[in-house]
Amino acid sequence: MAEASRGLTHAQLIWATEWHVRDETYAAALATLVDAHHRHPMAELWGSGDSSSSDGQFFRAGGHGEARSDVNARYGDDPGVLFYTHVSDRFSPFHTKVISATAGEAAHVLDGLLMHGSALAIREHYTDTAGATDHVFGLMHLLEFRFAPRVRDLKERRLYVIDRRADYGPLLTLVGGHVRVRLIEEAWDELLWLAASVRTGTVAPSAMLRRLAAYPRQNGLAKALRELGRIERTLATLDWLQDPGLRRRSNAGLNKGEAEHSLRRAVFFHRLGELRDRTFDNQSHRASGLNLVVAAIVLWNTVYLVKAADALRHSGSEVPSDLLQHVAPLGWEHISLTGDYIWADDAAPTADGFRLLRRIPGPFLQSAA
């Protein structure tokens with residue numbers, strides 16, 4: 001890298017790595033890119049900016065990295081870890097963390113919503129079935145997030161009611177039990193203290209959720225949070241069944257996150273796409289660096305999508321804005337992921353600070369039309 005970088009020596013790069021590559025600097029750099037992307041006018045076409053989704057992506061581990069990896073039957077016999085990433089409805093990957101391949105994803109849902117460091121104000125969040133538990137539902141409600149997971153086998157999920165003697169009509173066959181409101185009332189102050197501690201950053205949400213899930217029957221706070229979560233899960237299930245708009249938003253949000261997995265997989269080609277890092281800190285730096293590169297590509301594509309649309313309009317082509325919202329900034333065909341990297345000052349942009357757009361031959365446009 002020093003040989004390809006003009007004006008930088010090997011010693012300077014080593015010094016920068018040892019002194020500046022850490023979780024705090026990665027988070028600050030990522031927050032800067034995410035805020036810039038959300039302020040861009042093009043990003044407003046893809047979403048309101050107040051909803052997000054999260055999902056885990058499996059990466060194989062090889063070499064020394066196998067020592068800190070687990071084997072999960074879902075991903076085959078190869079050891080590896082999960083990169084659990086939060087993506088906004090505008091395609092910005094605003095948080096990521098490394099978790100074990102055998103660990104549950106639900107405990108880590110709130111970490112990204114509360115510890116991302118950017119200016120995002122998420123209101124509604126989507127996950128798949130792995131991220132939905134009663135404890136997460138309860139804590140989401142206390143922290144004023146709307147939780148709308150896409151749950152598999154929804155017909156097998158039971159509803160919980162307040163009054164067991166009431167007549168619920170056609171819903172009676174779906175009722176699985178009643179909520180013990182007394183437990184919530186007795187531990188209400190502790191629930192508020194838990195929410196305040198998590199909101200202020202005194203304790204990580206994942207740490208508390210793992211601790212509460214470890215002994216739900218012996219701890220009054222865990223039982224109260226579970227009962228509160230059952231109320232919220234029941235209401236969310238009824239909203240899901242009655243609101244087609246909610247189902248569309250949830251599916252669209254999760255599809256954006258899954259589409260970004262392809263870009264992340266393409267960028268992660270170093271060492272044959274395997275994690276070779278032995279320590280958790282190095283694996284975390286690898287995940288943060290990958291997320292930072294993906295965020296930079298998303299921002300770059302967003303900026304030049306506007307330039308490309310303006311160029312087509314100036315040439316006489318009609319480019320409706322309602323069609324641009326279906327163009328995702330996740331392409332990488334124009335990016336040289338492999339090969340020699342030459343960081344030269346002579347690759348100067350144009351007078352307005354941007355690179356020249358590639359010209360598409362006229363016959364190609366006519367055939368596409």
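A cavity, as I use the word here, is a set of grid points where a 1.4 Å probe fits but cannot get out. I note at the outset that the model is predicted.

Entry: I searched the whole structure for cavities of 30 Å³ or more and found one. I then looked up the space in the largest cavity, which is about 50 Å³.

**Entry: the lining.** Which residues line the largest cavity? I wrote down Ser-53, Ser-54, Asp-55, Thr-85, Val-87, Leu-254, Gly-257, Glu-258 and His-261. I sorted the lining by type and got two nonpolar, five polar and two charged residues.

**Entry: where the lining comes from.** I checked which elements supply at least two residues each, and noted β1 (51-60), β2 (80-88) and α9 (244-267). Which element gives the largest share of the lining? I found that α9 does, with four residues.

**Entry: aromatic rings.** I turned next to the rings. A pair of aromatic rings is described by the distance of the centres and the angle of the planes. How many aromatic pairs does the structure hold? I recorded seven. I also noted one aromatic cluster formed by Phe-59, Phe-83 and Phe-268.

**Entry: charges over rings.** I looked up what lies over the face of Phe-59, a member of that cluster, and found Arg-265 at 4.4 Å from the ring centre.

Notes. Residues numbered from 1 in each chain as written. Predicted model: local features only at pLDDT ≥ 70, side-chain atom pairs only at ≥ 80, totals over all residues. Heavy atoms only, no water. Phe/Tyr/Trp six-rings, centres within 6.5 Å; stacked < 30°, edge-to-face > 60°. Lys NZ or Arg CZ within 6 Å of the ring centre and 35° of its normal. 1 Å grid on protein atoms, 1.4 Å probe; cavity = no way out; pocket = protein on both sides within 12 Å on 5 of 7 lines; lining within 4 Å. Points joined across faces, edges and corners; volume = space filled by probe spheres on them. Nonpolar A, V, L, I, M, F, W, Y, C, P; charged D, E, K, R; others polar.
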